[in-house]
Structure formats: structure tokens, C-alpha cells
Amino acid sequence: MRARRAVASAFSQNSAMLKRFVFACEDRPDVDWLARFVAGRDEAERWYLGKSRAAAPATAECRAALCKHMPELLPHYDRVCALVGDDDRAHQILSHYRPSPVIFGCSQAVWHGDGGPALVRNYDFSLDIVSERFEATSWSGRKVIAKAQRPWGGCLDGMNEDGLVVSQTFGGRPAIGEGFSLLLILRYVLETCRRVKEAVAVLTRIPIAQSQNVTLLDQSGAYATVFLGPDREPAVTADKVCTNHQEHVVWPEHGAMSRTIERNEALARTLVDPGMTLDRLIESFLVPPLYSRWIGSPTVYTAVYRPAEGRVDYLWPGKSWCQSMKKFESGEYTHDYGDLIP
């Protein structure tokens, strides 16, 4: 409760909470990307350095780690570093290597009934930190649609033209290690993998900086939920629902604050309901307990991925925006989150 009150005090509770989102096509980072990076550099540095971390790794160490673990991204990394110019701190940030931890919510589920396969997810996070950008890219000739986050490459969830879907949640463990932000690892998966089996192999070999869960789905209906963390061996599960713990809650304070067990159990009950449909499942993501109105970590958006159709719907209460591999529509949308709960 103290954490909730502290977060609430940082916000004005007397005005509507408006958040602008942008849908954009940008095959590769260029001058427009550079302008966005410069504008958001201070926030990116706060994310990377955190409040009480040890010294950041040297730029050469960051590049070497990227070359070792995700070499296909190296030309793209070198390109954005060249755009930024002679700025070691920026190059460290752009590597996503050994960042400070970030804790967030989220719920997600895989659907195999009529209208499937589909992956439905809520992303819960602070409105003033989550990026505005949904984007379609083609870095190496493979089309990707993703919810972008952080200064370069990072994504919260996404799908590529082969029908592979990825989506993440925080894993509920406080451990911190010497690895990469999952944001960039998911980008790497979307850039290099076609099926769930390939994605699992990638996720279980790349070192990760903090506890994370990843749910995967492809157009064949194959799926997996992978539990990752710097303090544990990866675990590949057949869990169709995922919130903010792994096999069990190991961080009781976070588990209680995030209501991870309550959300997980609600989703599990929903999936086994004999009268359940995809539409009803989606509706459940737009109401409590899955939909969060807590001011510290509200549900920012809901995404419904349909990989066999190459389609994703981004949802807010009262608003739906459909995007697809065949047609990605550029534009803007501003959502009013109303009176969030302190």
C-alpha cells in the first residue's frame, strides 16, 4: 500500500489522463528515428542507469556481447550508433546490455478455439514511461509489427510476417544479472525466427538481465510460455496463461501488489469455461481483475494477435485499431484513461 500511495502522489488526480499513440511505418531507423532518440535520450538514460546501479559496462563490452549473442543485429546496431555519433553513453544504452531492472504488470493468454490461434495480452505500466509508438518495420527484409519501447529495437510484443508472435510479462523475481534487456531479445526473435521451436532455442541461450516470461505462438498453433531469469535455468512450459510469476510466487510483496495470482486464476477459469469464445475472452481483458485502473500501472493497451491471418488488433475500452501485414495504417489515437485509482 505504501508503494501505491507513493506512486499516486506523483500524479495529479484532478485531470483526465490522456495518452497519445502513433502508428507508423519505418523500414529502418534513420533521421526520424534519430530525432526521436535525441528527444527521449534523458528518459532512456534514466532507464538504463537506474537509481543505484554499479558502473555501466564499457561500450566495447556492450558491442562484443551483442556480436556474441545476437550477431544478426550488429549491422543495425552499428548503423544507429553511427547516426548518434561519438557518444559512448548512447552506444551503451542502444546495446540494451546490462540495463537496470524495470518492473511492470501484464496478463496474456493463448486461444485455440474458434477464431484461433490467437494470443491476447494486456500491457500494464506507467503511462508517462511507456512509449507512444506502434510500428511496422523491415530491417532485413522480414516484416515486423510491434509495440516499440525504449530507444532502439526494443519491443513489448509483436509479430513477424511468418506468423510468429511474441509477448512478455515481468517474471516476479528480484534477481538482476549480466544479460540483455528482453526488449531487444524479442526484437531479435522476430527478426530471425519463423516458428515457436526456433524462438525457444533463441530465448534459452541468450543471457537475460532480469526475470521475464515470454509467451510464443505461431500460425500453426504451436505455442510455449518460457520462464527466464538471471538466477535460474530457463523453463519451457505449456502454460496457456501467464501473469507476473513463474512456477510460484517468490517475491510476496510484488505478488500481492500486482495481484498476479488473482489474475492468473481468473484467466485459467475463463479458458476452461465450456461456453467461452474468443470474443468473450477478449472482453475479459477489458474488465477487472485483468484490466488495471491503478494509477501506478494501468492497463495501457490490449493486443489480440491472430498469426494465421497476419493480423493484430490494438484495443482500448471503446476503441479498436486493426493492423495487418498486408495493410498497416499510419495514424494517431489519443486515449482518455479517465479517473485512475490511487
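**Figure 1. Glu45 and Arg89 form a salt bridge in the predicted model.** The closest N and O atoms of Glu45 and Arg89 are 3.7 Å apart. Glu45 belongs to helix α3 (residues 41-49) and Arg89 to helix α6 (residues 88-95), so this pair ties together parts that lie 44 residues apart in sequence. Glu45 counts as partly exposed because its relative accessibility is 21%. Arg89 is also partly exposed, with a relative accessible area of 28%. Side chains of opposite charge can pair when their charged atoms come close. In the model as a whole, the count comes to 24 salt bridges.

**Figure 2. Helix α3 has its buried residues on one face.** Arg41, Ala44, Trp47 and Tyr48 are the buried residues of α3. Seen down the helix axis, these buried residues fall within an arc of 120°, so they line one face of α3. An α-helix has 3.6 residues a turn, so residues three or four places apart point the same way. Asp42 and Arg46 are exposed on the other side of α3. The buried residues of α3 pack against α2 (31-39), α4 and α6. Just after α3 comes Gly50, which takes a positive phi of about 65°.

**Figure 3. Helix α4 also has a buried face.** The buried residues in this helix are Thr59, Cys62, Ala65, Leu66 and His69. They fall within an arc of 130° when seen down the axis of α4, so they line one face of the helix. Ala60 and Lys68 are exposed on the other side of α4. Among the elements that cover the buried residues of α4 are α3, α5 (74-84), α6 and α7 (182-192).

**Figure 4. A salt bridge joins the side chains of Arg98 and Glu61.** The N to O distance in this pair is 3.1 Å. Arg98 sits in the loop between α6 and β2 (107-111), while Glu61 is in helix α4 (residues 59-69); the pair links distant parts of the chain, 37 residues apart. Is Arg98 buried or exposed? Arg98 is buried, because its relative accessible area is 16% and the cut-off for buried is under 20%. Glu61, at 31%, is partly exposed.

**Figure 5. Arg259 and Glu262 form a salt bridge.** The closest N and O atoms of Arg259 and Glu262 are 2.8 Å apart. Arg259 counts as partly exposed, at 38% relative accessibility. Glu262 is partly exposed as well, with a relative accessible area of 36%. Elsewhere, salt bridges that share partners join Glu26, Arg36, Arg133, Glu135, Arg187 and Glu191 into one network.

**Figure 6. The second largest pocket has a volume of about 610 Å³.** The pocket is lined by 30 residues, and the closest to its centre are Arg36, Ser131, Arg133, Arg150 and Pro151. Two of these, Arg36 and Arg133, also belong to the salt-bridge network. The elements that give two or more residues to the lining of this pocket are α2, α3 and β4 (133-137). The largest share, four residues, comes from α2. By class, the lining of the second largest pocket divides into eleven nonpolar, six polar and 13 charged residues.

**Figure 7. The largest cavity has a volume of about 190 Å³.** Which classes of residue make up the lining of the largest cavity? The lining has 14 nonpolar, six polar and one charged residues. A search of the whole structure finds one cavity of 30 Å³ or more. Rolling a probe the size of a water molecule over the atoms shows where empty space is left.

**Figure 8. Pro342 lies in the segment after β15 (331-336).** Pro342 counts as partly exposed, because its relative accessibility is 47%. The C-alpha atoms of Pro342 and Gly296 are separated by 7.5 Å. Along the chain, Pro342 and Gly296 are 46 residues apart.

How values were computed
Residues are numbered from 1 along each chain as its sequence is written. This is a predicted model: local features need pLDDT of at least 70, side-chain atom pairs count only at pLDDT 80 or more; totals for chains, interfaces and linings use all residues. Side-chain values use heavy atoms; hydrogens and water are left out. Buried means under 20% relative accessible area, exposed over 50%, partly exposed in between (1.4 Å probe, protein chains only). A salt bridge is a side-chain nitrogen of Lys or Arg within 4 Å of a carboxyl oxygen of Asp or Glu. The arc is that of the directions from the helix axis to the C-beta atoms. Contact means heavy atoms within 4.5 Å. On a 1 Å grid over the protein atoms alone, a cavity is a set of points where a 1.4 Å probe fits but cannot get out, and a pocket is an open set with protein on both sides within 12 Å along at least five of seven lines; lining residues have an atom within 4 Å of a point. Grid points are joined across faces, edges and corners, and a volume is the space filled by probe spheres set on the points. Ala, Val, Leu, Ile, Met, Phe, Trp, Tyr, Cys and Pro count as nonpolar, Asp, Glu, Lys and Arg as charged, and the others, Gly among them, as polar.
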